[in-house]
Amino acid sequence: MHLIEIKNAELMETLQARVTELGITNGAVVSLIGAVDSFRISTMPEDDATKDIVTDYELPAEMSGTGEIVDGMPHIHAVMAVQGDRGIAGHLHAASVGTWFARVYIQPF
């Protein structure tokens, strides 16, 4: 099991770099936890599951998620908890970690 901690950086870019450094080509993202200052997430439109609706959120969120590493590429699905006890869920494309931290636990296979 690998623990990747991210502070003051872009989450997905940093995760990709660390996965490459560690030589992880395939594995499970067992847990993602932390908080971000802003994020980009996507969901599918109701009428076409082959497309993505990508939305940027310029607001802080507590975060949890899971995913996988396939052919060296991280793929994470996350739930972002924002003000008003709301959750925004989907495929995580980017997230700015500044005020807090992100921890990613990866089990290679």
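**Core and salt bridges**

Reply: The largest nonpolar core has 26 residues, and those with the most contacts inside it are Leu11, Phe39, Met80, Leu92 and Ile106. This is a predicted model, in which local features need pLDDT of at least 70 and side-chain atom pairs count only at pLDDT 80 or more, while totals for chains, interfaces and linings use all residues. Residues are numbered from 1 along each chain as its sequence is written, and side-chain values use heavy atoms, with hydrogens and water left out.

Me: What makes a set of residues a nonpolar core?

Reply: The name is given to buried Ala, Val, Leu, Ile, Met, Phe, Trp, Tyr and Cys residues that are joined through side-chain atoms within 4.5 Å.

Me: Why is the pairing of Arg103 and Glu5 called a salt bridge?

Reply: The term requires a side-chain nitrogen of Lys or Arg within 4 Å of a carboxyl oxygen of Asp or Glu, and the side chains of Arg103 and Glu5 meet at 2.7 Å, N to O, so the pair qualifies. Arg103 lies in strand β9 and Glu5 in strand β1, so the pair ties together parts that are 98 residues apart in sequence; strands (E, at least two residues) are DSSP runs, numbered from the N terminus.

Me: How do you know whether Arg103 and Glu21 are buried, partly exposed or exposed?

Reply: Buried means under 20% relative accessible area, exposed over 50%, and partly exposed in between (1.4 Å probe, protein chains only). Arg103, at 26%, therefore counts as partly exposed, whereas Glu21, at 57%, is exposed.

Technical notes:
Helices (H or I, at least four residues) and strands (E, at least two) are DSSP runs, numbered from the N terminus.
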